[in-house]
Amino acid sequence: MPIQMMHVATALMITASASHAQERLTPAKASFFFNGEQITISRDAPEAVQAAQTFVSADPSCGGACIAPMQIAQGVETLGEAEVLEFLVTQVAAGRGLMVDARAPEERAKGFIPGTVSLPHNTLLAQNAYRKDILLALGARSYEDVFNFSDARSLLIYDNGPSSDDAGQLVANLLEAGYPPEMIRYYRGGMQVWSVLGFSIEQGQS
């Protein structure tokens with residue numbers, strides 16, 4: 001093949017490859033209403049990059065040598081960032097779902113994903129006297145202490161990131177309470193990946 005034709009063919013391949021990549025990429029931003037307030041998420045948030053160091057530490061509960069599995073529990077879907085944004089826009093904004101932070105309040109105060117709510121994993125332990133009230137607030141119905149979750153909200157659960165197990169413990173507690181696994185999703189990246197990617201972060205008590 002002549003050199004000129006090779007150059008043309010190479011250019012066409014590069015153009016086609018770039019076009020294909022653009023089809024696969026998703027705009028990394030979202031805007032939606034939550035609790036009557038407009039939430040905007042983008043990837044140009046300087047506070048996220050500055051906060052990234054805050055979330056990098058490993059969970060000390062296992063000596064810092066742990067990492068969360070990709071599938072946190074049977075039947076629970078693991079989502080990436082594009083799917084998280086879609087969940088916020090289509091489920092949270094519509095009142096059909098909640099994105100839940102499984103960390104303790106003091107950890108959440110360091111930074112959290114906008115449009116999410118705090119639900120520390122230990123609040124769903126069987127021995128917690130308020131567990132029933134929390135499940136009812138999530139949309140479950142109860143008859144003689146038997147729960148029906150057909151009207152409950154879909155949940156997307158996250159924590160500090162792959163080196164943390166707060167989300168795993170919350171998922172386990174929800175499943176033990178009877179929450180259907182198909183109504184639970186898991187964002188494994190958590191604050192560690194979210195902040196490194198420069199996504200919007202809120203700080204303080206919420």
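Is F199 buried or exposed, and what is its relative accessible area? In this predicted model, residues are numbered from 1 along each chain as its sequence is written, local features need pLDDT of at least 70, side-chain atom pairs count only at pLDDT 80 or more, and totals for chains, interfaces and linings use all residues. Side-chain values use heavy atoms, with hydrogens and water left out. F199 is buried, with a relative accessible area of 2%, where buried denotes under 20% relative accessible area, exposed over 50%, and partly exposed the range in between (1.4 Å probe, protein chains only).

Aromatic rings were paired when the centres of Phe, Tyr or Trp rings (for Trp, the six-membered ring) lie within 6.5 Å; planes under 30 degrees apart count as stacked, over 60 as edge-to-face and the rest as tilted. The count by this rule is 4 aromatic pairs. One of them joins F147 to F149 in a tilted arrangement, at 5.9 Å centre to centre and 35° between the planes. Of these two residues, F147 is partly exposed at a relative accessible area of 21%, whereas F149 is buried at 6%. The pair of W194 and F199 is stacked, because the ring centres lie 4.4 Å apart and the planes stand at 25°. W194 is buried, with a relative accessible area of 0%.

F147, F149 and Y179 form one aromatic cluster. Apart from its neighbours within four places in sequence, Y179 is in contact (heavy atoms within 4.5 Å) with L135, L138, F149, A152, R153, L155, L174 and I184. A nonpolar core is defined as a set of buried Ala, Val, Leu, Ile, Met, Phe, Trp, Tyr and Cys residues joined through side-chain atoms within 4.5 Å. The largest such core has 51 residues, and those with the most contacts inside it are M99, I157, L174, Y179 and W194. In soluble globular proteins, nonpolar side chains tend to be buried together. Elsewhere, the charged end of R108 sits over the ring of F112, 3.9 Å from its centre; the criterion is NZ of Lys or CZ of Arg within 6 Å of the ring centre and within 35 degrees of the ring normal.

Helices (H or I, at least four residues) and strands (E, at least two) are DSSP runs, numbered from the N terminus. Helix α6 spans residues 166-177; its 12 residues reach 17 Å from the first C-alpha to the last, close to the 16 Å expected at 1.5 Å a residue, the expectation being 1.5 Å times one less than the number of residues. Among the buried residues of α6 are D166, L170, L174 and A177. The cover over the buried residues of this helix includes β4 (97-101), α5 (131-137), β7 (146-148), β8 (154-158) and β9 (184-187). G178 follows α6 and has a positive phi, near 105°.

Five strands form an open sheet with parallel pairing, in the order β3-β9-β8-β4-β5; two strands pair if DSSP finds at least two bridges between them. The edge strands, β3 (77-79) and β5 (117-118), each pair on one side only. Parallel strands β3 and β9 are joined by 3 bridges, with E77 opposite R185 and T78 opposite Y186. β8 and β9 also pair in the parallel sense over 3 bridges, and L155 stands opposite I184 in β9.

N35 lies in the loop between β1 (30-34) and β2 (37-41). This residue has a positive phi of about 55° although it is not a glycine, and N35 is exposed, with a relative accessible area of 70%.
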